[in-house]
Amino acid sequence: MWGELGARLDLERGVIAGAPVVRRGLSDLRGCFADAAAYDAALALGDPPLYTVSSVEAGGGGGDLHYGLGVLYPGRIGDEYFMTKGHLHSRREAAEVYIGLRGEGCMLLEDEMTGECRIEPLGAGRVVYVPGHAAHRTINTGDVALVYIGVYPADAGHDYGAIAERNFRMAVVEREGRAVMVARDERNIQQ
Ligand code: F6R
Ligand code: ZN
């Protein structure tokens, strides 16, 4: 017997109706932003919410899919835009499809095998395919919440450890009103 197959996107509240919600605040992203002084200064003023993800994780079999609705708020730490923690999938071959619903931003992708880095625009009307072996992080470069859905294999799993240890090589920062990708090391030297 099939269980529930449909769900309602409650875009007013930014959740999938009835699905569990994970909330991440600034304090959860220690070590992610390149400008550590700006991070500490922002955290001293409070711990603002950065994003929420509500997920539907019904079946757990090899062919099953899970999906989540992400809402990433606008803002910056120094010149670096608000972003998600980022992760690799534990089963490295597992790909993912991101579907942008509202707002403006991008995905930062980094191939664990080749080191290739790329930003792909993500926002209303954009779809991004995240290949296997690609570390992925979502970034809000706009003024309103970036809302998107990610669909991924049920057995993908989430590996945050590798990124927590070495972070992404690139950072997405604001330069003269535009979002650009710069090398994280270069960004640190410019402090
Ligand atoms: C699932 C996926 C997204 C993210 C979400 C939050 O595989 O990629 O649903 O979980 O964008 O980002 P993280 O999980 O990196 O905190
Ligand atoms: Zn993922």
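A cavity is a set of grid points where a 1.4 Å probe fits but cannot get out. With that in mind, welcome to this predicted model, in which a search of the whole structure finds one cavity of 30 Å³ or more.

**The enclosed space**

The largest cavity has a volume of about 30 Å³. Sorted by class, the cavity lining holds four nonpolar residues, four polar ones and one charged.

**The open pockets**

Let us turn to the spaces that are open.

| Pocket | Volume | Lining by class |
|---|---|---|
| Largest pocket | about 440 Å³ | nine nonpolar, ten polar and five charged residues |
| Second largest pocket | about 270 Å³ | six nonpolar, two polar and two charged residues |

Which residues are the closest to the centre of the largest pocket? They are Val53, Ser55, His87, His158 and Tyr160, out of 24 residues that line this pocket. Several strands contribute to the lining: E3, E4 (49–56), E5 (65–72), E9, E13 (134–140) and E14 each supply at least two residues.

The second largest pocket has a lining that includes Glu4, Leu5 and Gly6, as well as Val56, Ala58 and Gly59. Asp64, Leu65, Tyr67 and Val151 also line the second largest pocket.

**The sheet**

Next comes an open sheet of six strands, which run in the order E3-E4-E5-E14-E9-E12 with antiparallel pairing. Strand E3 (21–25) and strand E12 (127–130) are the edge strands, each pairing on one side only. From one strand to the next, the twist averages 20 degrees.

Inside this sheet, strand E9 (residues 96–102) meets strand E14 (residues 146–153) in an antiparallel pairing over five bridges. Here Ile99 stands opposite Ile149 in E14.

**Aromatic pairs**

How many aromatic pairs does the structure hold? There are two. In one of them, Phe33 and Tyr39 are stacked, at 6.3 Å centre to centre and with 25 degrees between the planes. Both Phe33 and Tyr39 are buried.

Why does the pair of Tyr98 and Tyr148 count as stacked? The ring centres of Tyr98 and Tyr148 are 5.4 Å apart and their planes stand at 25 degrees, so the pair is stacked; the cut-off for stacking is planes under 30 degrees apart. This pair links distant parts of the chain, with Tyr98 in strand E9 and Tyr148 in strand E14, 50 residues apart. Tyr98 and Tyr148 are both buried.

Terms used. Residues numbered from 1 in each chain as written. Chains lettered and ligands numbered in written order. Predicted model: local features only at pLDDT ≥ 70, side-chain atom pairs only at ≥ 80, totals over all residues. Heavy atoms only, no water. 1 Å grid on protein atoms, 1.4 Å probe; cavity = no way out; pocket = protein on both sides within 12 Å on 5 of 7 lines; lining within 4 Å. Points joined across faces, edges and corners; volume = space filled by probe spheres on them. Nonpolar A, V, L, I, M, F, W, Y, C, P; charged D, E, K, R; others polar. Pairing = 2+ DSSP bridges. Helix = DSSP H or I, 4+ residues; strand = E, 2+ residues; numbered from the N terminus. Axes fitted to C-alpha atoms, helices over the stretch in contact; angles between N-to-C directions. Phe/Tyr/Trp six-rings, centres within 6.5 Å; stacked < 30°, edge-to-face > 60°. Buried < 20%, exposed > 50% of the residue type's maximum accessible area, 1.4 Å probe, protein only.
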